[in-house]
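Welcome! Please keep the view open beside the text as you read.

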Amino acid sequence: MATIPLSPPGFAPVLGVAVSLSGKAWRWRGGNMELGEDVQGLTHSILDQLLLTRGVAEDDLARHAQPTLRAFLPDPSTFRDMDTAADRLARAVMQGERVTIYGDYDVDGATSAALLVELLRQLGLEAGYYIPDRLLEGYGPSGEALVKLAEAGSQLIVTVDCGAMAHEALGMARDVGVDVIVVDHHKCSPDLPPAHALVNPNRLDESDLGAAHGHLAAVGVAFLLGVALVRTLRAKGWFADGRREPELIGLLDLVALGTVADVAALHGLNRAFVAQGLKVLARRERIGMAALMDASRLARAPQCSDLGFALGPRINAGGRIGESTLGVRLLTTTDPEEAREIAAQLSQLNEERRAIEAMVQEAAEAQLAGQHNMAVQVLSGHGWHPGVIGIVAGRIKEKTGKPAVVIALDETQGKGSGRSISGVDLGAAIIAAREAGLLVAGGGHAMAAGLTIDPARMADFAEFLDTRLARDVERARSGAAMLLDLALAPGGLTPELIETLDAAGPYGVGWPAPRIAVGPVRIVKADIVGKDHVRLIASGNDGKSFKAIAFRAAESEMGQTLLHRPQGRRFHLAGRAKIDDWGSRPAAELQVEDAAFAD
């Protein structure tokens with residue numbers, strides 16, 4: 001097998017680019033992989049190096065090259081309260097109790113609820129579900145709702161993607177005698193709520209083995225509970241008289257969608273969940289998921305990016321600006337016509353969400369000038385739709401390179417959502433602000449958080465975040481660079497290379513897609529397509545050319561330089577390589593994220 005010489009990562013600028021058109025130095029993610037056009041025979045070496053530079057030990061390459069559940073699934077009993085939860089659910093199944101799944105209104109909540117509803121259905125128990133209204137009830141289980149469910153006959157309630165901090169609500173449920181199992185992944189406080197069982201790898205008292213899976217989305221935790229439930233029922237002899245065991249693998253389409261849409265880190269078990277879940281999705285066996293793919297005009301087998309940018313936003317749209325139960329209804333229906341109607345409704349809501357989001361984002365960006373010295377952007381406005389503030393916070397974070405919190409205000413309170421940058425734990429800061437009395441409610445995880453605030457405490461809250469996180473933000477931003485995996489001549493950018501790069505996927509947060517540099521090139525053609533995308537045709541010295549596009553870049557310094565380039569000036573382009581299959585045969589193209597002068 002051919003080998004690739006490695007040099008120490010970090011310091012020597014790739015292709016001599018110390019300052020790019022976006023102001024970044026280009027660094028190797030792991031080691032020197034400047035290949036020119038000669039990529040033939042290096043397939044295995046490229047794959048191995050991609051895995052190594054994403055933290056895989058050399059003796060563990062084979063397991064990560066083909067991520068399977070068998071290789072990565074932990075014993076569910078590793079997690080605190082898992083056996084207690086599985087035993088209580090098993091009793092409900094065996095005794096035919098009335099069970100309600102209480103989910104959150106986002107994709108992770110919808111897929112978690114749908115997974116447990118579907119699993120219990122396969123076990124012969126038709127569970128109900130309850131999804132709170134984002135605007136009227138807010139995040140998490142309310143005591144009033146739990147009590148009403150108990151009064152309506154629910155003997156067991158399972159909260160998914162919420163409940164870890166619902167002390168008062170779960171206390172009300174306990175007082176009326178209903179058991180509650182919490183299945184969550186959000187950060188916990190030292191004092192746990194009074195649940196019958198709380199399964200959450202981010203419990204502060206979790207074992208080291210359990211805490212190692214703190215990156216799981218709630219739907220991943222729900223799947224592990226499903227594994228534990230089936231094992232418990234098997235031990236109790238439930239399947240001994242001919243009852244059929246559920247097909248747990250068939251639930252992985254839900255796990256993959258919820259994991260990617262919740263921006264969970266795609267390493268270890270999560271990567272196995274998504275890799276195998278994409279295979280289940282390709283079979284189109286779930287009626288609601290097939291309808292969703294049709295509504296998204298997705299005719300080919302879904303890719304990881306489709307979950308985050310096509311399917312996930314449509315499910316989210318119901319909880320953001322429409323009816324909160326639409327996602328679970330779609331994912332659990334057995335009626336193809338109902339599935340088509342709900343998928344169409346979600347697509348329409350998603351279009352409406354985009355328009356609302358654009359208005360809120362414009363208003364939020366107008367406030368940025370007054371906050372350029374703040375470590376965390378805290379932006380707020382009256383009349384902003386609470387259903388889009390999380391998306392806008394993500395956009396602001398990408399634009400500024402800083403954590404962002406966007407708050408929708410009304411007459412009495414503010415509802416906020418935050419998104420962070422790598423290396424800055426926003427969830428912990430939000431919990432600390434709540435414990436300091438600055439928030440009515442709040443919680444989350446490292447990269448995302450939610451909160452409720454008294455508008456009178458806005459200034460104090462912003463100052464608290466700035467003081468607490470300034471050093472972390474400065475450290476994270478000072479290390480920012482364009483990290484590259486490969487450097488190629490234009491002739492090396494081929495569909496075969498992209499197939500090799502894809503083999504180390506699926507990619508996402510915590511397992512970044514390979515970024516390559518191509519050059520030197522001349523820009524043969526550059527124009528604007530859509531609203532502000534820069535479309536390019538680039539050619540190398542050997543005459544080999546390729547297409548490229550820089551999304552949302554027309555107004556940036558990079559975009560303007562490429563559009564109005566000096567005559568004869570050559571560039572290096574950096575970004576993600578993709579297959580363009582619009583033509584008669586597949587071709588490689590580059591999605592440009594940065595550029596630099598070549599000489």
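Strand 5 (residues 156–160) and strand 6 (residues 179–183) run parallel and are joined by five bridges. Within this pairing, Val 160 stands opposite Val 183 of strand 6. Strands (E, at least two residues) and helices (H or I, at least four) are DSSP runs numbered from the N terminus, and two strands pair if DSSP finds at least two bridges between them.

This is a predicted model, in which local features need pLDDT of at least 70 and side-chain atom pairs count only at pLDDT 80 or more, while totals for chains, interfaces and linings use all residues. Residues are numbered from 1 along each chain as its sequence is written, and side-chain values use heavy atoms, with hydrogens and water left out.

- Five strands make an open sheet with parallel pairing, in the order 4-3-5-6-7.
- At its edges are strand 4 (128–130) and strand 7 (197–199), each pairing on one side only.
- From one strand to the next, the twist averages 20°.
- Helix 6 (residues 143–151) packs on this sheet and touches strand 3 (99–103), strand 4 and strand 5; contact means heavy atoms within 4.5 Å.
- The direction of helix 6 makes about 160° with that of strand 3, where angles run from 0 to 180 degrees between N-to-C directions and axes are lines fitted to C-alpha atoms, for helices over the stretch in contact.

**The mixed sheet**
- Another open sheet has five strands in the order 8-9-10-12-11, with mixed pairing.
- Strand 8 (377–382) and strand 11 (441–444) are the edges; each has a single partner strand, so one side of each is left without a neighbour in the sheet.
- Strand 9 (residues 404–409) and strand 10 (residues 414–419) run antiparallel, joined by six bridges.
- Ile 407 has Gly 416 as its bridge partner in strand 10.

**The nonpolar cores**
- The largest nonpolar core has 136 residues, of which Ile 101, Leu 120, Val 158, Phe 223 and Leu 573 touch the most other members.
- Such a core is a set of buried Ala, Val, Leu, Ile, Met, Phe, Trp, Tyr and Cys residues joined through side-chain atoms within 4.5 Å; buried means under 20% relative accessible area (1.4 Å probe, protein chains only).
- Helix 9 (residues 218–235) gives the most to this core, with 11 residues.
- A second, separate core of 23 residues includes Ala 429, Leu 438, Leu 439 and Leu 465.

Conventions: Buried means under 20% relative accessible area, exposed over 50%, partly exposed in between (1.4 Å probe, protein chains only).
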